[in-house]
Structure formats: C-alpha cells, structure tokens
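Hello,

I am handing over the structure that we talked about, and I would be glad if you could look through it with the notes below.

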Amino acid sequence: MPSKSAPRRVRSPRRKIGYATLAVSAFVTVSCSGTDSGDAALPDATEQYRSPEQIQGATVVWSAEPGLYLQDERGTLVRAAEEAWFVARYVGLENSYPGFAAALDPASTRVITPLSDRRPAGTLRAHVLSIASTGTGFEAAVCTRRSELAERWADGRYHFTSEPDIEASIRFARTAPPTGVDEPTAAGTLRDTKQTSSQRQWQSPPTDLFTGTGWTISFATDPGNTRQRCEAWGRSIRTEVTEVDTSDTPPRVLPAHPGW
C-alpha cells in the first residue's frame, strides 16, 4: 500500500493580508511622523523670529531728528542693527535678530560678551541723530538712554545704572551685491506712521532684514561730537529717573515705538 505523504501546510490568506497590513502601517508611520500631511519634519519657511524670553521685559522707544524717518529703508536698517546689538549683548549673537551675526563686522563681533544672567526690564530710549552717505554705503549716529531701564540680576532685584546718554556710530558698508532679497521698503517716505501696538514687551522684526542685502555692519562708540548732541537730546525728553540703585519692582515699560 502506498504510504501517505505528510499534509502540505498552506499559509492562510488572512495571515498574508495581516503581514501586508503591518508593513504598510510601518511605512506610513515612518513617512508621516504622526501627521496627515507627511511634511511635519520639514522646516517651516514662514516661521517668524521671536526674541528670547530673557529680554521680553523691555521695549525700545525710538525718535529721530527732523528730516530723518524711522521707517524708511535706512531708518529701518539702523533700528534693526541697534536693537540686534542690544539683544546680542544679553543672549549672544546666535540668538539675536536673524542674519545679524553674519552681517556684523568681525571686529565688532569680538567685543560682545553676553550677560546671560541678567534680564533687562523697562524702557530703552534711542534717538537717530544723523544718517549720512559714505563712499561704500551710509553711517548713522545714534544715542541711547538707559535711565528708564534696569537689569534683573540673579539676586532677584532690579539694578539701575547711572550711565550717561550713550552715543554710537553704526556703519553700513556694501561689501557684496544684493542677492535678490528685498531690502526693507519705506513704510513712510514722507512721514512715519503712528504707533498702533500697545504691547509692553520686546518687539522684533518678524523677518530677516540683513541676509542677502550685501551690507557689512560695524559699531564704534563716541564718534566725535555726538556726545554733546546726545546730552542735548537727553535733556529735551521727559523720562522717569530713579533715585535708587536697586529696587524690588521693575521700572515702567512703555509700548515700543514705532514697533515692527
């Protein structure tokens, strides 16, 4: 009698479908990374810059000499550079305004030592004294006043400074041709627009104002006769001047002007 062969094992069609489902599920999980669109891992090109929390307790109130405008092309660049310099002094160049670190002249870069343990609070006053063309670009003279600004130290108290009005020169030299990136456009070529924001925290330009413009930016302090002009400007404005060196409460914070 012929012997019976062992029955052949046939894989169930249901099991085949199950394996295929698992494989597809794994592929979808890796590709989508938990989203329906599958592109969550890509950088968001529209993401706006937000200044670090360390400086959110301060604002800048700008003014300018007659005939100078805070929101035209040059005025916008001057404000952005001065503010980016201020931010970098606390949080480092890598965390300041986008594109500023690459645009800053190496000699100016070397003098920045971040004050990572201090938090500015209150209102910084800034004033554009002049903007003049040069052979390679333009140069601006800027005054700053810190009488309404304090720094919160590690002891939790707010420390004020008795520094006089500070003057600085900001030089913009065209060291490369623009690469097609639009430079700041004039928001008011004949006049500046009125401040509309009431937020009493640091305001930053939402986009990169430096990359692709071809400008190299450098800073110099005490540029000639601007000290007297800054002192005159300081006497002309009303500010709250504290008589104490330290306080448990921060100074008032005014809305940024003109803001971004």
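What share of the 260 residues in the protein chain is buried? Buried residues make up 39% of them, where buried means under 20% relative accessible area, exposed over 50%, and partly exposed in between, with a 1.4 Å probe and protein chains only. Please keep in mind that this is a predicted model, in which local features need pLDDT of at least 70 and side-chain atom pairs count only at pLDDT 80 or more, while totals for chains, interfaces and linings use all residues. Residues are numbered from 1 along each chain as its sequence is written, and side-chain values use heavy atoms, with hydrogens and water left out.

The overall picture

The protein chain has 5 helices and 8 strands, which are DSSP runs numbered from the N terminus (H or I and at least four residues for helices, E and at least two for strands). Read from the N terminus, the order of the elements is α-β-α-α-α-β-β-β-β-β-β-α-β. If a contact is taken as heavy atoms within 4.5 Å, then among contacts between residues at least 6 apart in sequence, 81% join residues at least 24 apart.

The cores

A nonpolar core is a set of buried Ala, Val, Leu, Ile, Met, Phe, Trp, Tyr and Cys residues joined through side-chain atoms within 4.5 Å. The largest one has 39 residues, and Phe100, Phe172 and Ile217 are those with the most contacts inside it. Two or more residues come from each of strand S1 (58-64), helix H2 (73-91), helix H3 (100-103), strand S2 (119-133), S3, strand S6 (166-174) and strand S7 (215-221), and H2 gives the most, with 11 residues. Apart from this core lies another, of 5 residues, among them Leu129, Ala141, Cys143 and Cys230.

The disulfide

The link is left-handed, with -85° about the S-S bond. Cysteine 143 is buried at a relative accessible area of 0%, and cysteine 230 is buried with a value of 0%.

The aromatic rings

A search of the whole structure finds 9 aromatic pairs, where rings of Phe, Tyr and Trp (its six-membered ring) pair if their centres lie within 6.5 Å, and planes under 30 degrees apart count as stacked, over 60 as edge-to-face and the rest as tilted. In one of them, the ring centres of phenylalanine 86 and tyrosine 90 are 5.2 Å apart and the planes are at 55°, so the pair is tilted. These two residues are 4 apart in helix H2 and therefore separated by about one helical turn. Phenylalanine 100 and phenylalanine 219 have ring centres 6.5 Å apart and planes at 80°, so this pair is edge-to-face. Because phenylalanine 100 lies in helix H3 and phenylalanine 219 in strand S7, the pair ties together parts that are 119 residues apart in sequence. Trp85, Phe100, Phe210 and Phe219 form one aromatic cluster.

With kind regards

Key. Disulfide = S-S within 2.5 Å.
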